Amino acid sequence: MKKLIRIDKPKDIVVPTEKKELYDVDYIYIPLHKNFKPLVDIGDSVSMSQKVATNGDVYLYSSISGKVVSICEGLYHNNKKIKAIRIENNFKEKKVRFDVREIKKLDDLNRLLNNIDDEQLSKRFVVGKVDTLILNLFVDEPFIMNETFYFINNSAEILDTLDLVGKVYKASKILITVKNVDSSNITSLIDFNGMYPNIQIKLLDDLYLLERKDFLCAHMGLDKNRTLVVKPSDLYKIYYAMKYKRKPNTKYVTIVGNNTSTPIVKDIKLYSLALDLMNGIKYETGSQFIKNGLMTGSKITSFNEIIDGNTEALFIMKKEEVKEQKCLYCGACLEVCPMRIDPKRLMDHKITSKRCIDCGLCSYVCPSFINLRKYLKGDKNE
Ligand code: SF4
Ligand code: SF4
């Protein structure tokens, strides 16, 4: 495996230390992207957690109760214009109850995961025999505090669920991996010292990419096919489904950057708009807005961007005119790429790579400020 590197964090960004709930949005917007079709008509009443759109495989659920008022245009998802189902909130939060039972064996867990109907979460749990179960507290993107807030606000619930999942999988080892510089999570863990004798804590160096299972397992010398790696939010979703018989309809989103004085983590209804998220946020004029991180995120140009399960953060940054310069043929991008891709060569030949994991390291190290990642993603319009 290639040697992983530590990335420098900009000194002018303040980490959020506050979390705020934002559940009282007037409207939500269910994005009709990737062949999604509505399952409801204009005028229909919907309950919270009701299925309202599908692409045949995946369902999208309403995060509020209310009324379908229109199929509207002019909304954005990942900065691309899309249509969306507009649902007006009646603030009654009538819930549809899932039929789940408490987890006692693997079948119960699988049934619960099906009911949660969360593609990414289910994928993480597709694993055969589990020798090692890891709760990984690493987040690669600097300043995104969602997982830390999930953990410090719900530590007991998350640790109980970790213990339970370990028993269900009959894992011989249960570990919590944490950055050795992460004082917030380490402090939370100290509070539980001795309460879970079968859970061990592993402090690791703050190296980029250790959030990802493949790199974490390789770094720790573990067989990735016999290791289950989960995040605090995964365990929180399982705990929440066991307790409330449904999945959470809200999502933590970090708002941070060097052009805002109000860094915060907001717990917001899914399918709200970035406009709702920005309510009460102070920022300077001449800002640019980057969704999901400085290393791997992309700019958004409209606050009509829909917040969905993949929205992790909004960075409010000073606009900096960084001009791409000519390639120096220094080889730094090739040297740093964890997938052994030659990004410059691919860019010159105008080809994208399926092996690229979109980690952003090639762009990060380039002394000529060439945005190699953008070319490898096939995104020439950014
Ligand atoms: S973004 Fe892709 S090409 Fe660039 S370093 Fe990461 S894996 Fe390699
Ligand atoms: S890091 Fe930048 S300057 Fe160096 S070879 Fe790659 S593209 Fe060229």
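# Helices, sheets and ligand shells in a predicted model

Thr148, Phe151 and Ile152 in H3 meet Ser184, Asn185 and Ser188 in H5, where two residues are in contact if their C-beta atoms, placed from the backbone, lie within 7 Å. The residues of this contact of H3 with H5 divide into 2 nonpolar, 4 polar and no charged; Ala, Val, Leu, Ile, Met, Phe, Trp, Tyr, Cys and Pro count as nonpolar, Asp, Glu, Lys and Arg as charged, and the others, Gly among them, as polar. This is a predicted model, in which local features need pLDDT of at least 70 and side-chain atom pairs count only at pLDDT 80 or more, while totals for chains, interfaces and linings use all residues. Residues are numbered from 1 along each chain as its sequence is written, and chains are lettered from A and ligands numbered from 1 in the order in which they are written. Helices (H or I, at least four residues) and strands (E, at least two) are DSSP runs, numbered from the N terminus.

**How the helices cross**

- Helix H3 (residues 146-153) and helix H5 (residues 183-190) have axes that come within 10 Å and cross at roughly 20°. Axes here are lines fitted to C-alpha atoms, for helices over the stretch in contact, and angles run from 0 to 180 degrees between N-to-C directions.
- H3 and H5 are therefore roughly parallel to each other. Angles under 35 degrees count as roughly parallel, over 145 as roughly antiparallel, 65 to 115 as roughly perpendicular and the rest as oblique.
- The crossing of H3 past H5 is left-handed, a word used if the near helix is turned anticlockwise from the far one by less than a right angle, with right-handed for clockwise.
- Between H3 and helix H7 (residues 232-244), the axes come within 8 Å and cross at roughly 50°, which makes H3 oblique to H7.
- H3 also passes H7 in a left-handed crossing. Asn146, Glu147, Tyr150 and Phe151 of H3 make this contact with Pro232, Ser233 and Tyr236 of H7.
- Sorted by class, the contact of H3 with H7 has 4 nonpolar, 2 polar and 1 charged residues.
- The axes of H4 and H7 come within 9 Å and cross at roughly 85°, which makes H4 roughly perpendicular to H7.
- On the H4 side, Glu157, Ile158, Thr161 and Leu162 meet Pro232, Leu235, Tyr236, Ile238 and Tyr239 in H7. This contact of H4 with H7 divides into 7 nonpolar, 1 polar and 1 charged.

**The parallel sheet**

- Strands of a sheet pair through backbone hydrogen bonds, either parallel or antiparallel. Two strands pair if DSSP finds at least two bridges between them.
- One open sheet of 4 strands runs in the order S11-S10-S9-S12, with parallel pairing. Strand S11 (199-204) and strand S12 (227-230) stand at the edges with a single partner strand each, so one side of each is left without a neighbour in the sheet.
- On average, neighbouring strands of this sheet are turned by 25° against each other, direction ignored.
- Strand S9 (residues 132-136) and strand S10 (residues 173-179) pair in the parallel sense over 5 bridges, and the bridge partner of Leu133 in S10 is Ile174.
- Helix H4 (residues 155-168) packs on the sheet and touches S9, S10 and S11; the direction of H4 makes about 160° with that of S9.

**Antiparallel pairing**

- Another open sheet has 4 strands in the order S2-S8-S7-S4, and the pairing is antiparallel. Its edge strands, strand S2 (27-32) and strand S4 (45-46), each pair on one side only.
- S2 and strand S8 (residues 80-89) are joined in the antiparallel sense over 6 bridges; Ile28 has Ile87 as its bridge partner in S8.
- Strand S15 (residues 287-291) pairs in the antiparallel sense with strand S17 (residues 313-318) over 5 bridges, and with strand S16 (residues 298-300) over 3 bridges.
- In the hairpin of S15 and S16, which has 6 residues between the strands, Asn292 takes a positive phi near 75°.

**Around the ligands**

- Ligand 1 is surrounded by 16 residues, and the closest are Cys337, Cys356, Cys359, Leu361 and Cys362. A residue is near a molecule or strand if its C-beta atom, placed from the backbone, lies within 6 Å of it.
- H12 gives the most to the shell around ligand 1, with 3 residues. By class, this shell has 13 nonpolar, 1 polar and 2 charged residues.
- Of the 14 residues around ligand 2, Cys327, Cys330, Ala332, Cys333 and Cys366 come nearest. The shell around ligand 2 divides into 11 nonpolar, 2 polar and 1 charged.
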